[in-house]
Amino acid sequence: MKKKYKRLLIIFIIIAVLAIISFVIYKILLNQTEEEIVNVVDSIAEYGYTLDDRDTDLMKSTYEELKTTLTSEEIDYKLYAENLAKLFVIDLFTMNNKINKYDVGGTEYIYPEALENFKLNVEDTIYKHMENNSNGKRKQELPEVSNINVVSTEESEYTIGESDTYNSFVVNLSWQYVSDLGYDDNAVVTLINLDDKLYVVEYAVGE
């Protein structure tokens, strides 16, 4: 009985090791696929914002608006906030150009300390049922933002933790899709100013 138990244990360990190796290989291949598909065509290096070749015309035109704002002699932070909030929403809810549910849009605009929670939340909610498209054969219909408008923008203050208070902008947005699939079409996006760079810290569906 002891020999049989040891033999079963060895088989189990071998299967577990093979499963781990297979998973690691899959992740490596998936990352290689993402690198091949996603190509950066432009960047605003000082701020870390990028534009990919897969981005939609709306994303590209809004990115150019942001680039113009940030390269002006004097930056209009209200306009900067509006540009960034629009880019965040367009990238987040334009899902038909994403590879899989882990390819979350809008991440480069998020406050760094909130990034991991943001990604996990999106993966478990609006991206949850997204089919993998690493082979380019996905047939699932996914949303694409076709138009976006700023309804209003207010300056305010935003507190993180118990005492860290930042100047902020509260941007109220509405948007439309190529096809209405039931996703959010309005929201309030809050951004903070940290060392002259804006970050998204809160997204709330509008009333």
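The structure is a predicted model, in which local features need pLDDT of at least 70 and side-chain atom pairs count only at pLDDT 80 or more, while totals for chains, interfaces and linings use all residues. Residues are numbered from 1 along each chain as its sequence is written, and side-chain values use heavy atoms, with hydrogens and water left out.

The pLDDT is the predictor's confidence in each residue, from 0 to 100. Its average over the protein is 90, and 87% of the residues score at least 70. Residues 32-36 have a pLDDT below 50, and this stretch has 3 contacts in the model beyond near neighbours in sequence (contact means heavy atoms within 4.5 Å). Where pLDDT is low, the predicted coordinates should not be read in detail.

The whole structure contains 9 aromatic pairs. Rings of Phe, Tyr and Trp (its six-membered ring) pair if their centres lie within 6.5 Å; planes under 30 degrees apart count as stacked, over 60 as edge-to-face and the rest as tilted. F93 and Y203 form a tilted pair, with 6.1 Å from centre to centre and 40° between the planes. This pair links distant parts of the chain, 110 residues apart: F93 lies in helix 3 (residues 77-93) and Y203 in strand 6 (residues 197-205). Helices (H or I, at least four residues) and strands (E, at least two) are DSSP runs, numbered from the N terminus.

Buried means under 20% relative accessible area, exposed over 50%, and partly exposed in between (1.4 Å probe, protein chains only). F93 is buried because its relative accessibility is 1%, whereas Y203, at 27%, is partly exposed.

Strand 6 also holds Y199, which pairs with Y111 from the loop between helix 3 and helix 4 (115-124), 88 residues apart. The rings of Y111 and Y199 are edge-to-face, at 6.3 Å centre to centre and 75° between the planes. Both partners are buried: Y111 has a relative accessibility of 9%, and Y199 has a relative accessible area of 13%. Elsewhere, ring pairs join Y47, Y49, Y77, Y80 and Y109 into a cluster.

Helix 4 has F118, V122 and E123 as buried residues. These lie on the same side of helix 4 because they cover an arc of only 130° around the axis, the arc being that of the directions from the helix axis to the C-beta atoms. Helix 3 is among the elements that cover the buried residues of helix 4. On the face turned away from the buried side are the exposed residues E116, N117 and D124.
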